[in-house]
Amino acid sequence: MPDVLSSEPRKSDADPSSAVSEIQIHAPGRYIVEFRPTERWMPFLRLDVRRPGHADRTVYVPVTTRTSYLLTSSEGGLVLQFDRDDVVAARVRPLTIGDIGALLRRRRRHKRFQLPLGEGLVLQPLFHVSGSQGRELARALGSLAGWGFGTASDNLQKTLSRHFDGPPAEAPERRPTVELKIAVALHLHYPDLWPEFEALLEATGRQFQLFLTLTQPDAALAQRVQARFPGAEITVYENRGRDVGPFIQLLREGKFDPFDLICKLHGKKSGQSGPRMVLGEIWRQVSAFDLIGSRGVVDRIIANFERSPDTQMIGSRRFRLPNEWKGEKAAWGENRAMALNLLEAMGMPSSSRLDFFAGTMFWVRRSALEPLRWLDLPLAAFPEEAGQQDGTLQHALERVLGMICAKIGVASDGDMTTDSREADPIG
């Protein structure tokens, strides 16, 4: 394709001093839209879509360092706006006869990534034009879709909205009548993620005891944590069992005994780049937003525990497995035999139904964890870290943590779902 991205995007004619730039579509038809965004960690760009007679809409589109899209519009007067600080250059041009074979021959393989922007208006990425970066991004988006985060899905679009724009405005929530004692167990193998959790925890507006576990001593981080959350307990453990091993040690050592509820979090990452990185970023942010995304989110979760004494665990509805995207076989992975052996060792029926939160982030009643203490698992019981993706003790416990709970509830950022599947009764 010719280099059509050499010019700077023009400012909005309506407001020359505005930080918003735009491209305009004056007539219905098919167009090639091209963006060269500024360098970014998350491979998405915010677009505001404006059409006469229609409500404005914001979408988040996947981008590489240079990305082309096929835009199909059934009417004119379309305006695509974006922050001029986010885009180095942009252009739109009508689709030509020469494009049909050379440009669009392979677009069908990326049809699943298209974004409906409204009636008669569709934006479809053409990742093959972007070479290896486009192929890598297509793999990342395919991986997200396998977890229910398709490019056009509410799951992904709402998560990106929160990532780019912060939490939505919320009406004040009724505070629970019972002030339950709360512990927050946060494991950070990647200390650089602390500012993200610091901001979220501060916004909860609640009293809690913070237990921070690390895999390396970090005096500067410890000082910052203690300054923000006086009384926080910071413990360094050998890097075994990922986030699960340290959590089990805190339980085993009796650290959680004085508390009614525990919020378990960790700084999940899945690689430093590529498809797994994108999945890991979304996974961590969604889970954290759904569990501690705002004061209202936390209040709703605690109120749910207050209303329903039988509810023992609450996690993100988007990562509760099995679900419509990940069936029972995929949810078990290579962990069924070990998980059932653990249940048997705790004196619980191996017939318990598989029901857990992938990623091991959740709120749980301290009392629900008592069977795990009976296992008395030292950190040495967990394998040495070798990048294992399945089939280890920590992966089996990830499933067992949900299976030992008689009733599980689900939450999402800005929403509380009270319809809870109940696990098989346990003695």
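Strand E11 (residues 209-214) is mostly covered, with 6 of its 6 residues buried; buried denotes under 20% relative accessible area, exposed over 50% and partly exposed in between, with a 1.4 Å probe and protein chains only. The model is predicted: local features need pLDDT of at least 70, side-chain atom pairs count only at pLDDT 80 or more, and totals for chains, interfaces and linings use all residues. Residues are numbered from 1 along each chain as its sequence is written, and side-chain values use heavy atoms, leaving out hydrogens and water.

In a regular strand the side chains alternate between the two faces of the sheet. In E11, Gln209, Phe211 and Thr213 point one way, Leu210, Leu212 and Leu214 point the other way, and all are buried. Helices (H or I, at least four residues) and strands (E, at least two) are DSSP runs numbered from the N terminus, and two strands pair if DSSP finds at least two bridges between them.

| Pair | Sense | Bridges |
|---|---|---|
| E10 (residues 182-188) and E11 | parallel | 6 bridges |
| E11 and E12 (residues 233-236) | parallel | 4 bridges |

Leu214 in E11 is the bridge partner of Leu188, and Leu214 also stands opposite Val236 in E12. The chain crosses from E11 through helix H5 (residues 219-228) to E12 in a right-handed β-α-β crossover. E10, helix H4 (residues 194-203) and E11 likewise make a right-handed β-α-β unit. Right-handed means that, with the strands pointing away from the viewer, the path from the first strand over the helix to the second runs clockwise.

Phe211 of E11 also belongs to a cluster in which ring pairs link Phe211, Phe247, Phe256, Phe259 and Phe362. The whole structure holds 14 aromatic pairs; rings of Phe, Tyr and Trp (its six-membered ring) pair if their centres lie within 6.5 Å, and planes under 30 degrees apart count as stacked, over 60 as edge-to-face and the rest as tilted. The ring centres of Phe247 and Phe362 are 6.4 Å apart and the planes stand at 90°, so this pair is edge-to-face. Because Phe247 lies in helix H6 (residues 244-252) and Phe362 in strand E17 (residues 362-365), the pair ties together parts that are 115 residues apart in sequence. Both Phe247 and Phe362 are buried.

A separate open sheet of 5 strands has the order E7-E2-E5-E9-E8 with antiparallel pairing. Strands E7 (87-94) and E8 (115-118) stand at the edges, each with a single partner strand, so one side of each is left without a neighbour in the sheet.
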